[in-house]
Amino acid sequence: MKAVIILAAGKGERLNLGYNKLLYEIEGQPIYQKTIEAFKGYKIYFVSNDIFPENVIQIKGGKTRGESVLNALMEVKEDEVLIHDGARPYISKEIIDKCTGEAFYVGVKPKDTIRRGKETFNRDELILAQTPQGGKTSLFREAYLKAKKDNLEFTDDISVVLNYFDVDVKLIEGEYRNIKITTKEDLNDYLIGQSWDVHRLVENRKLILGGINIPYEKGLLGHSDADVLYHSVAEAILGALALGDLGHLFPDNDPQYKDLDSSIIVRKAACLMKEKGYHINNIDSLIFAEKPKMAPYIEQMRKNIALLLEVDFSRVSVKATTYEKLGEIGEGKAIASQSIVMLKR
Ligand code: CTP
Ligand code: MG
């Protein structure tokens, strides 16, 4: 059986979540679990002091990455070993399958130009080193022991070996998506939410849509100001966060919400979104109304929503459509609104 060391004993200080970043969930799974699954069929030496997965050989973490690697190398029984950052969950099976030899590492060419002072490097000669790295277990163990004796720290494994031994190192061309999750920008986490709301049109009520008091002979009936557009926007956000519906948050039998300005509802949803660490990527809303004409108000509605959600105006879309005189909406007895929102971590 092939062996891999998976490193998971860091603190994740640059990501600054307040806990080991490998516990953070992407695509519904903790990062460390996703990494483990990539190495199906391998004997896994798992280095961590606070994560204890099933079916692995648990190794104590060290104060530095190098110390963690050495702790594991001292336990590896197999002749050849892969060393992989637990924080690289996007590693593919195709790349892993190529990882074999005396000394190898996975890397990609930089896409940006790299300069040091006035010197510009030839991009074609440069490599961004990723993991897995590895090769002969005894070679890596010896190199790491020497580094420990010399009190030297390295940021990857091949540099430790090259510092002590003159070996041929094989470069395995990797994939750009095999990033090491290090800072917030590396968390590509999106949530989608949607909502549909409808209110009856009646006499002696103001018509308020997207925060605008629209002159019309009727208005929308509701416990609050009945702004269907604002309601669908707020509820779509709640939906993305799986926080239930609007009635759950603002019960319509609660007297304190009587005639409530619905901008407060939108702001509350925005607050919850922020608390969970998300912001609006974009939102697309639709108003279904036979009358009155919405066109003169659309731009201001977009501005109002953008302001409440603290997002650029260009990321907020509001559209309106009639119902071709069909059904209650088409007969002018009701107005409805639908919103779809995408949140980004
Ligand atoms: N690692 C480890 N032992 C350490 C330090 C790091 O096993 N003492 C592991 C991390 O868990 C990670 C990998 O080495 O999977 C790469 O390190 P890095 O991305 O630097 O992770 P952290 O050290 O956790 O993050 P930071 O440097 O931001 O604190
Ligand atoms: Mg680190």
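1. **A226.** A226 sits in the loop between β15 (219-220) and α6 (228-240). This is a predicted model, and in it the phi of A226 is near 65 degrees. That is a positive value in a residue other than glycine. Most residues other than glycine have a negative phi. Look at the backbone of A226 here.

2. **Cis bond at P132.** T131 and P132 are joined by a cis peptide bond, with omega about 10 degrees. P132 belongs to strand β10. Most peptide bonds are trans.

3. **Cis bond at P292.** Another cis peptide bond links K291 to P292. Its omega is about -10 degrees. P292 is placed in the loop between β16 (279-288) and α9 (298-309).

4. **Largest pocket: size and centre.** The largest pocket holds about 890 Å³ of space. Its lining counts 32 residues. The closest to the pocket centre are G10, K11, R14, T64 and R65.

5. **Largest pocket: who lines it.** Strand β10 gives the most, with four residues. By class, the lining has seven nonpolar, 13 polar and 12 charged residues.

6. **Helices α4 and α5: geometry.** Two packed helices are described by the angle between their axes and the distance between the axes. Helix α4 covers residues 137-149, and helix α5 covers residues 157-164. They pack at an angle of about 80 degrees. Their axes are 9 Å apart. The two helices are therefore roughly perpendicular to each other.

7. **Helices α4 and α5: contacts.** From α4, the contact residues are L139, F140, A143, Y144, K146 and A147. From α5, they are D157, I158, V160, V161 and Y164. This contact has nine nonpolar and two charged residues, and no polar ones.

8. **Aromatic pairs.** How many aromatic pairs does a search of the whole structure find? The search gives five. One of them is formed by Y32 and F46. Their rings are 6.1 Å apart, centre to centre, with 65 degrees between the planes. The pair is edge-to-face. Y32 lies in helix α1 (residues 31-38) and F46 in strand β4 (residues 43-47), so the pair ties together parts that are 14 residues apart in sequence.

Note on methods. Residues are numbered from 1 along each chain as its sequence is written. Chains are lettered from A and ligands numbered from 1 in the order in which they are written. This is a predicted model: local features need pLDDT of at least 70, side-chain atom pairs count only at pLDDT 80 or more; totals for chains, interfaces and linings use all residues. Side-chain values use heavy atoms; hydrogens and water are left out. Axes are lines fitted to C-alpha atoms, for helices over the stretch in contact, and angles run from 0 to 180 degrees between N-to-C directions. Angles under 35 degrees count as roughly parallel, over 145 as roughly antiparallel, 65 to 115 as roughly perpendicular and the rest as oblique. Contact means heavy atoms within 4.5 Å. Ala, Val, Leu, Ile, Met, Phe, Trp, Tyr, Cys and Pro count as nonpolar, Asp, Glu, Lys and Arg as charged, and the others, Gly among them, as polar. On a 1 Å grid over the protein atoms alone, a cavity is a set of points where a 1.4 Å probe fits but cannot get out, and a pocket is an open set with protein on both sides within 12 Å along at least five of seven lines; lining residues have an atom within 4 Å of a point. Grid points are joined across faces, edges and corners, and a volume is the space filled by probe spheres set on the points. Rings of Phe, Tyr and Trp (its six-membered ring) pair if their centres lie within 6.5 Å; planes under 30 degrees apart count as stacked, over 60 as edge-to-face and the rest as tilted.
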